[in-house]
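Subject: Structure for your review

Dear colleague,

Please find below the structure that I am handing over to you.

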Amino acid sequence: MAAQQGSSGLGRGFAFVGRRHELDRVLAAIRQPPAVVTVEGNAGMGKSRLVREATTVLKSTGGG
């Protein structure tokens, strides 16, 4: 059974697992303006979730 809460609470009840490296890369790019970040991949790979997690981190830390 999956964990019940994501790291930010946005994961629709599931923990954000296995994408910390990608999240760190997105955050690092955004924190060095001017920044344009493209997140691409096959359907169902977690692109939207990655962006939601990054957005939540940036809002909570005031960075970006």
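The notes below set out what was found, beginning with the model as a whole.

Please bear in mind that this is a predicted model. The average pLDDT of the protein is 81, and 77% of the residues score at least 70. Residues 1-9 have a pLDDT below 50, although this stretch has 17 contacts in the model beyond near neighbours in sequence. Where pLDDT is low, the predicted coordinates should not be read in detail.

As to the overall fold, the protein contains two helices and zero strands. Helix α1 covers residues 20-30 and helix α2 covers residues 47-61. Of the 64 residues in the protein, 20% are buried. The accessible surface amounts to about 4,800 Å², and carbon and sulfur atoms account for 54% of that area. Among contacts in the protein with a separation of 6 or more, 56% are between residues 24 or more positions apart.

The largest nonpolar core consists of seven residues: F16, L23, V26, L27, L50, A54 and L58. Each of the helices α1 and α2 supplies at least two residues of this core. As general background, nonpolar side chains in soluble globular proteins tend to be buried together.

Apart from its neighbours within four places in sequence, V57 is in contact with L27 and R31. Along the chain, V57 and L27 are 30 residues apart, and their C-alpha atoms are separated by 8.4 Å. L27 is also one of the residues of the largest nonpolar core.

P34 lies in the loop between α1 and α2. The peptide bond that joins P33 and P34 is cis, with omega at about 0 degrees.

V37 is in this loop as well. Together with V39 and V51, V37 makes a nonpolar surface patch of about 180 Å².

I hope that these notes are of use as you begin to examine the structure.

With kind regards

Methods: Residues numbered from 1 in each chain as written. Predicted model: local features only at pLDDT ≥ 70, side-chain atom pairs only at ≥ 80, totals over all residues. Heavy atoms only, no water. Patch = residues over 30% accessible without salt bridge, like charges linked within 9 Å, V, L, I, M, F, W, Y side chains within 5 Å. Areas by Shrake-Rupley, 256 points an atom, 1.4 Å probe, with all protein chains shown as cover. Salt bridge = Lys/Arg side-chain N within 4 Å of Asp/Glu carboxyl O. Helix = DSSP H or I, 4+ residues; strand = E, 2+ residues; numbered from the N terminus. Buried < 20%, exposed > 50% of the residue type's maximum accessible area, 1.4 Å probe, protein only. Contact = heavy atoms within 4.5 Å. Core = buried A, V, L, I, M, F, W, Y, C linked by side-chain atoms within 4.5 Å. pLDDT = per-residue confidence, 0-100.
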